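Subject: Structure for your review

Dear colleague,

Please find below the structure that I am handing over to you. My findings follow it.

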Amino acid sequence: MKCKFRLPNGVTCLLVILVIFGYLSAVMGLSNMLNTMMHTAHDLLLNTVFYIMAICVLTGALAKIFTDFGVVDLLQKALMPIMKPLFNLPGVASLGAVMTFLSDNPAIITLAQDKKFAKYFKKYQIISLTNFGTAFGMGLIVIVFMIGQGYFLAPAVGLLGAVIGCIVSTRLMQYFICKEYPSFKDQDAVVESHAIDENQAEADNGQKAPETGFVKVLNALLDGGKSGVEIGLAIIPGVLVISTFVMMITFGGSTVTDASGNEAVVFTGAAYEGTRLLPWLASKIDFIFKWLFGFHAPELVAFPITALGAVGAALGLIPEFASQGIIDGNAIAVFTAMGMCWSGYLSTHTAMLDSLGFRKLLSKAFISHFFGGIAAGIFAHWVYVGITAIMALI
C-alpha cells in the first residue's frame, strides 16, 4: 500500500508568504520593506481612497436621483432598440447596464432575481448577465476619476472600448452556455425572488406622510450618498492590500544624488518604492503590450492586472503613474476600457454566479470576460490612435 506524502495544513501558505516577503526583504531590506508597505498603504488611504469615496458619494446621489425621478427608465427605453442586435439580450437588459454603470457589478444580480425583470429572458441570457453587467461596473466612477485627472477624450474612447468588450464577453459566454446546456436556449428564465408582504407594505405606506418634492429629492440624495459611502468603504481593502503589493513589485527605489552629482537608486522605506519585478517581467514581452495597447512603459501593465481583482485598487495606481510622467491619453483610454470591462471580475463573478445557482459555469465566465477585456483595450487603443491622427491632420 502506497503512502502519499502530504504537507500539513498551513505549510503551503507559510511557504508562499515566506517566498514573497523573503524576496521583497532581500532586495529592499527588511526594515525598508515594512516601512514602504505601511507608508504606501497610508498614503493610498489618505490621497486615493478618500478621493474615490468622495466620487462614490456624489455619483451614488446622482444615481439615486436618476432612479427615483425616471431618468433610468428613460435611458432604458432609449437604449432598448440596440440591445438585441449587439448583445443578444432583451431591451430591459439596458436597465441593468445603466444600474451597474452608476453603481457596481452586483447591481445586475439584484435585477436578475426580480421575476418581473427576468420574465423577458431565456435561461442562457439571464446567466450571461453576469458578464454583461460586470463590463459596466463602476463605469461612472472610473470615467469621473479619469476626467478628474485632466483627460476628456480618452475616457469617452475607453467607454466605447468597454462596450465592445462587453459584446465579446456576453456573446462568448452565451455561446459557452448553449454549448454545455443546449436546452437553456429555449427555456424561459426561472429566477426566484424574495416575496414582499404586500399587506405589510401597504400598512407601512399608510403610516408615512406623503413626501413633498423637496423632501423626496433630499431623501434621494442622502440615500444615494449613503450607498456611495458603502462602496467607498468596500474598496478600501482592495486598494490598500492589492495596490500596495502591486506597487511594491512595480516601482523602483528612490533616486538620490551624492555630493559629486552622481545618482544612485537606494531604498529608504518611503512610500511607493519597490523591486520593479513586474516591469522586468513585462519587458520580456514588451512588444505585445506596445502593439496591442500602445503602452510605452512596462509599468503600465500593472493597471489591467490590478483591475482583474479590483478596479478601485487599479485607480489608485493612476496618480503615481502621472507623477512619474509615464501616462498619456492613450493609456487613459485603454485603462478606462479595460478597467470598466474587467472591473474586478475575479472577485465578483463567483458570488454573482453563485446567487444565480450556476457557479459551475465560473470558468466559462472567467474565460469570456478575460477576452472581452483584451478586446476592449485593443479597440480603445486603435480608436484613440485613429482619432489623434485625424485631429493632427485637421
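E299 counts as buried, because its relative accessibility is 8% and buried means under 20%. Please note that this is a predicted model. The place of E299 is the loop between α14 (286-293) and α15 (302-307). Leaving aside residues up to four places away in sequence, E299 touches T250, R276, P279, F321 and I326.

Burial also marks helix α7 (residues 123-134): 12 of its 12 residues are buried, so this helix is largely enclosed by the rest of the structure. Among the buried residues of α7 are K123, Y124, Q125, N131 and F132.

I20, which lies in helix α1, counts as partly exposed because its relative accessibility is 31%, between the 20% limit for buried and the 50% limit for exposed.

Finally, I draw your attention to a pair of helices. The axes of helix α9 (residues 153-180) and helix α18 (residues 329-342) come within 7 Å and cross at roughly 35°. The crossing of α9 past α18 is right-handed. On the α9 side, the residues that meet α18 include A154, P155, G158, G161 and G165. On the α18 side, those that meet α9 include G329, A333, A337 and M340.

Yours sincerely,
A colleague

Terms used: Residues are numbered from 1 along each chain as its sequence is written. This is a predicted model: local features need pLDDT of at least 70, side-chain atom pairs count only at pLDDT 80 or more; totals for chains, interfaces and linings use all residues. Side-chain values use heavy atoms; hydrogens and water are left out. Helices (H or I, at least four residues) and strands (E, at least two) are DSSP runs, numbered from the N terminus. Buried means under 20% relative accessible area, exposed over 50%, partly exposed in between (1.4 Å probe, protein chains only). Axes are lines fitted to C-alpha atoms, for helices over the stretch in contact, and angles run from 0 to 180 degrees between N-to-C directions. A crossing is left-handed if the near helix is turned anticlockwise from the far one by less than a right angle, and right-handed if clockwise. Contact means heavy atoms within 4.5 Å.
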